Amino acid sequence: MDVAQGRGRSAGARTLRERAYSEIRRLVMVGEFPTGVRLAEEQIADQLKVSRTPVREAFVRLHADRLLKRFDDGGYYVAEIDLFDLRDLYELRLTLEVQGIVRAREPGISHDRDALVELRRVWEQIASAPPPADGSFIELDESFHLALLRASGNIALIETLESVNVRIRPVRTFDFLTEDRVVQSTQEHIAIVQALLDGDIDLAADRLREHIGASLEIVEQRASEAIRQRALRSRQLRGA
């Protein structure tokens, strides 16, 4: 086998792994699997028309994402959705991010304009070719909000937001399961940055509040529906 063939097979394997990971994550998020029930590795592999290896690797990644939990014997099951502290954590997130914007009102403090210009360029590029609506957009979304806060120059705010992101990431993924939400969030990101570049701090802060508030509403709605679907799946299994 020559080098080109080897690279082709390697790329194909990565594609299978990513496809399995994205599809299983989507199925988890929409409530396809009941909570607490062992995921059938072979059955899922047959459903996705892949071998068991990419499915097994997807389980490991989803466990790291805190969407799956692991039995002592090594099997995996869907983690319960925890909405208990969601509003409090969103309030903390909003406080941190708005402070990153409005602190530029203080004498001697300004946003890193070059960083904002680059951030706008990146998101205009994303807007021209939106990623798939499979939940993976959360990684890009988090990168945007961290970059926006980094432009404010306060490292402590960034570190605190990162810790909040870890806690709400499993449920925040529910925000990006449809194409319209990916497109809308992308446009809102660009609008927030543009307001800052225009020097309108109040408008940027207002747009950020609306952006995060809409996210909370959608996350709560879709997560609650996923909880209902998982409960239904559990009852169906018990009745089988």
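**Close-up views of a predicted protein model**

**Figure 1. Packing of helix α6 against helix α8 in the predicted model.** Helix α6 (residues 137-150) packs with helix α8 (residues 179-197) at an angle of about 10°, and their axes are 12 Å apart. Helix α6 is therefore roughly parallel to helix α8, because angles under 35 degrees count as roughly parallel. From α6, the residues F137, D141, F144, H145 and L148 take part in the contact. Their partners in α8 are V182, S185, T186, H189, I192, V193 and L196. By residue class, the contact of α6 with α8 comprises seven nonpolar, four polar and one charged.

**Figure 2. The aromatic pair of F59 and Y76.** The structure holds five aromatic pairs. In the pair shown here, the rings of F59 and Y76 are tilted, with 5.8 Å centre to centre and 55° between the planes. F59 belongs to helix α3 (residues 52-64) and Y76 to strand β2 (residues 76-78), so the pair ties together parts that are 17 residues apart in sequence. F59 is buried, its relative accessible area being 2%. Y76 also counts as buried, at 11% relative accessibility, because the cut-off for a buried residue is under 20% relative accessible area.

**Figure 3. The aromatic pair of F137 and F176.** The rings of F137 and F176 form an edge-to-face pair, with 4.8 Å centre to centre and 65° between the planes. F137 lies in helix α6, whereas F176 lies in the loop between α7 (155-172) and α8; the pair therefore ties together parts that are 39 residues apart in sequence. F137 counts as buried at 1% relative accessibility, and F176 counts as buried at 0%. F137 is also one of the α6 residues that meet α8.

**Figure 4. The aromatic cluster of W123, F137, F144 and F176.** Ring pairs link these four residues, W123, F137, F144 and F176, into a cluster. Two members, F137 and F144, belong to the α6 side of the contact with α8.

**Figure 5. The protein chain as context for the close-up views.** The secondary structure of the chain consists of nine helices and two strands, in the order α-α-α-β-β-α-α-α-α-α-α along the sequence. Its C-alpha atoms fill a box of roughly 65 × 55 × 30 Å along the principal axes. Of the 240 residues, 42% count as buried. The chain exposes about 12800 Å², of which carbon and sulfur atoms supply 50%. Among contacts between residues at least 6 apart in sequence, 76% join residues at least 24 apart.

Methods
Residues numbered from 1 in each chain as written. Predicted model: local features only at pLDDT ≥ 70, side-chain atom pairs only at ≥ 80, totals over all residues. Heavy atoms only, no water. Axes fitted to C-alpha atoms, helices over the stretch in contact; angles between N-to-C directions. Helix = DSSP H or I, 4+ residues; strand = E, 2+ residues; numbered from the N terminus. Parallel < 35°, antiparallel > 145°, perpendicular 65-115°, else oblique. Contact = heavy atoms within 4.5 Å. Nonpolar A, V, L, I, M, F, W, Y, C, P; charged D, E, K, R; others polar. Buried < 20%, exposed > 50% of the residue type's maximum accessible area, 1.4 Å probe, protein only. Areas by Shrake-Rupley, 256 points an atom, 1.4 Å probe, with all protein chains shown as cover. Phe/Tyr/Trp six-rings, centres within 6.5 Å; stacked < 30°, edge-to-face > 60°.
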